Amino acid sequence: MTVFAGDPINASDVNGIVDLLPVTYTKASSTGRNTTTTYAADPELTGIALAVGIYEIELVAFFTLATTNTQKIKTRWIFSGTWNTPIRACIGPANANVGAPNAVTDATMGGFVADSQDAIYDTSTSGSYSVFREVARNVTVTVAGTLALHWAQSVSSANNTNLQSGTSFVIRKIS
């Protein structure tokens with residue numbers, strides 16, 4: 001929208017622009033899970049309302065593994081409405097990685113269906129956070145609903161897999 005001096009601005013003009021600004025949803029605390037490979041919604045990255053429209057969605061996640069790297073972490077995005085089953089571009093330390101966050105030996109750089117294919121990430125058990133990024137563009141919502149990050153251990157272990165604070169979704173409605 002272009003506005004010149006003296007042009008009237010209506011609330012609907014501003015509201016339309018505000019609706020297209022990105023919104024960030026960020027975890028405030030760490031969540032640990034162990035002894036399960038069953039997906040569950042993250043307690044803080046759930047209930048994200050998506051109205052009918054087209055979106056760009058990005059997830060940047062920080063995680064650590066306790067004691068061993070046997071368990072790994074796997075993710076899916078679950079949506080309660082109807083969408084076009086988007087593909088996530090997933091980038092991070094792959095499921096065969098044995099290196100620390102700054103010495104990755106195997107990397108995931110693949111596309112995975114958001115709600116039906118696992119993206120699996122691994123790291124060493126160093127105290128440093130590892131990171132992965134998942135991005136989907138042209139996410140078309142035809143029936144409104146809520147988005148949630150679902151995650152679990154890829155291999156069940158008594159040792160914690162921790163999704164760390166600072167993990168966040170950035171959601172931007174395109175139209």
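Is Lys72 buried or exposed?

Analyst: Lys72 counts as buried, at 15% relative accessibility. Buried means under 20% relative accessible area, exposed over 50%, and partly exposed in between (1.4 Å probe, protein chains only).

Some ground rules come next. This is a predicted model, in which local features need pLDDT of at least 70 and side-chain atom pairs count only at pLDDT 80 or more, while totals for chains, interfaces and linings use all residues. Residues are numbered from 1 along each chain as its sequence is written, and side-chain values use heavy atoms, with hydrogens and water left out.

Now the partner of Lys72. The side chain of Lys72 meets that of Asp122 in a salt bridge, 3.5 Å from N to O. Lys72 lies in the loop between strand 5 and strand 6, and Asp122 in the loop between strand 10 and strand 11. The two are 50 residues apart, so the bridge links distant parts of the chain. Strands (E, at least two residues) are DSSP runs, numbered from the N terminus, as are helices (H or I, at least four). Asp122 is buried too, at 2% relative accessibility.

A salt bridge here is a side-chain nitrogen of Lys or Arg within 4 Å of a carboxyl oxygen of Asp or Glu. Side chains of opposite charge can pair when their charged atoms come close. The count comes to eight salt bridges.

Another one joins Glu58 and Arg133, at 2.4 Å from N to O. Glu58 belongs to strand 5 and Arg133 to strand 11, 75 residues apart. Both ends are partly exposed: Glu58 at 22%, Arg133 at 37%.

Lys27 and Glu44 form a further bridge, at 3.3 Å from N to O. Lys27 sits in the loop between strand 1 (23-26) and strand 2 (31-33), and Glu44 in the loop between strand 3 (40-41) and strand 4. They are 17 residues apart. Lys27 is buried, with a relative accessible area of 2%, whereas Glu44 is partly exposed, at 28%. Asp42 joins Lys27 and Glu44 in a network of salt bridges.

Next, the rings. The structure holds five aromatic pairs. Rings of Phe, Tyr and Trp (its six-membered ring) pair if their centres lie within 6.5 Å; planes under 30 degrees apart count as stacked, over 60 as edge-to-face and the rest as tilted. Phe63 and Phe132 have ring centres 5.7 Å apart and planes at 55 degrees, so this pair is tilted. Phe63 is in strand 5 (residues 53-65) and Phe132 in strand 11 (residues 130-143), 69 residues apart. Phe63 is buried at 0% relative accessible area, and Phe132 is buried at 2%. Phe79 and Trp83 make a stacked pair, 5.0 Å centre to centre with 25 degrees between the planes. Both of these are buried.

Finally, the core. A nonpolar core is a set of buried Ala, Val, Leu, Ile, Met, Phe, Trp, Tyr and Cys residues joined through side-chain atoms within 4.5 Å. The largest has 28 residues, and Ile57, Trp77, Leu147 and Phe169 have the most contacts inside it. Strands that each supply at least two residues include strand 6 (73-79), strand 10 (119-121) and strand 12 (145-152). Strand 5 gives the largest share, six residues.
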